[in-house]
Amino acid sequence: MRYALRRLGLNAGLAHRIGGSGTAYGPGLGPGDVPESDAVVEILASAEPALLVGGFAVGKVPWRTGGTVRAADLRALPDDAEATGLDTFLTVLGHVGFAAWTGLVTVGAVRAGESVFVSGAAGGVGSRAVQFARARGARVVGSAGSAGSAGSAEKVALLTGTLGADAAFDHRAGEATELLRAAAPDGVDLCVDNVGGAQLEAPIEALRFRGRAVLCGAASRYGRERVRGPANYLRMIYQELTLRGFTVTEHEESRPAFEAEVGGWVREGRVRSLHTRLDGFGTVPEAFAGLLAGRHTGRTLVAVEGSR
């Protein structure tokens with residue numbers, strides 16, 4: 001099947017594989033290797049009845065403007081995909097949305113009335129987790145930050161304004177445990193962690209008895225030769241806490257439930273597609289560097305001309 005790239009989604013976790021070993025999301029990457037990401041593509045030639053020429057599909061493809069791929073590696077998008085917005089299928093209804101929903105619902109078992117902390121809350125997965133937790137009736141506290149103080153302030157304002165978080169803080173403004181304690185003085189029931197390091201140690205201190213932490217990513221640890229676990233892990237024993245990691249690729253059976261629930265929220269206007277989009281395939285290096293530096297809000301996307 002032949003396709004043309006229309007939207008490319010970038011993930012910070014890819015940095016962990018550059019010059020390193022593989023993960024559940026793909027092999028290690030060395031000089032000359034071509035990374036792959038989830039993308040929206042336009043079908044140019046196909047013998048598969050479910051993937052019609054001129055239609056759109058989503059799947060994992062190499063960082064190229066086009067090529068060939070197995071039909072089994074793509075999922076056809078609805079006929080009204082353009083009207084919905086192609087970006088949506090890489091954000092709120094895409095891989096990052098599915099990861100956020102899986103962490104909250106399938107793994108974290110979030111319940112209405114609970115207090116949830118989301119680290120990296122202005123990022124691709126985090127911004128979805130904030131909205132989904134709110135849609136399910138939870139109270140939400142988020143952390144965010146950027147290379148500059150102005151950018152950090154904008155992200156914190158975004159969390160409590162556009163995304164509806166009940167409280168938020170700039171993780172660069174002080175010691176993470178104290179900042180979270182001030183934002184959630186009564187503690188939290190569930191943490192969705194995308195950052196690791198101090199921002200994982202903070203909720204371990206804040207989690208209530210038998211609280212849960214879902215480990216989705218570790219943006220602060222990527223690219224480091226030595227990665228240490230949380231220094232306060234002993235609190236997990238005395239408070240009977242649960243820390244559970246997950247890879248979203250192992251939960252594909254939950255996708256229909258995700259699409260039904262979140263698709264309803266999208267139609268009702270209860271959640272929105274938050275993303276930073278750069279135009280032109282040549283902006284991929286700039287987009288990836290900006291993602292890793294924390295300069296973007298929401299999912300980082302690259303749009304390639306050719307959409308009708």
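These legends describe close-up views of a predicted model. Local features need pLDDT of at least 70, and side-chain atom pairs count only at pLDDT 80 or more, while totals for chains, interfaces and linings use all residues. Residues are numbered from 1 along each chain as its sequence is written, and side-chain values use heavy atoms, without hydrogens and water.

**View 1. The largest nonpolar core.** This core has 47 residues. Leu-104, Val-118, Phe-132 and Val-262 touch the most other members. H2 supplies the largest share, eight residues. A nonpolar core is a set of buried Ala, Val, Leu, Ile, Met, Phe, Trp, Tyr and Cys residues joined through side-chain atoms within 4.5 Å.

**View 2. Surroundings of Phe-132.** Not counting residues up to four places away in sequence, Phe-132 touches Val-92, Gly-97, Ala-100, Trp-101, Leu-104, Phe-258, Val-262, Trp-265 and Val-271. Contact means heavy atoms within 4.5 Å.

**View 3. Thr-88 in its loop.** Thr-88 lies between helix H1 (81-84) and H2. Helices (H or I, at least four residues) and strands (E, at least two) are DSSP runs, numbered from the N terminus. Thr-88 counts as buried because its relative accessibility is 9%; buried means under 20% relative accessible area, exposed over 50%, partly exposed in between (1.4 Å probe, protein chains only). Beyond its neighbours within four places in sequence, Thr-88 contacts Leu-93, Gly-94 and Ser-273.

View 4. The loop holding Tyr-233 runs between strand E10 (207-215) and helix H7 (235-238). At 47% relative accessible area, Tyr-233 is partly exposed.
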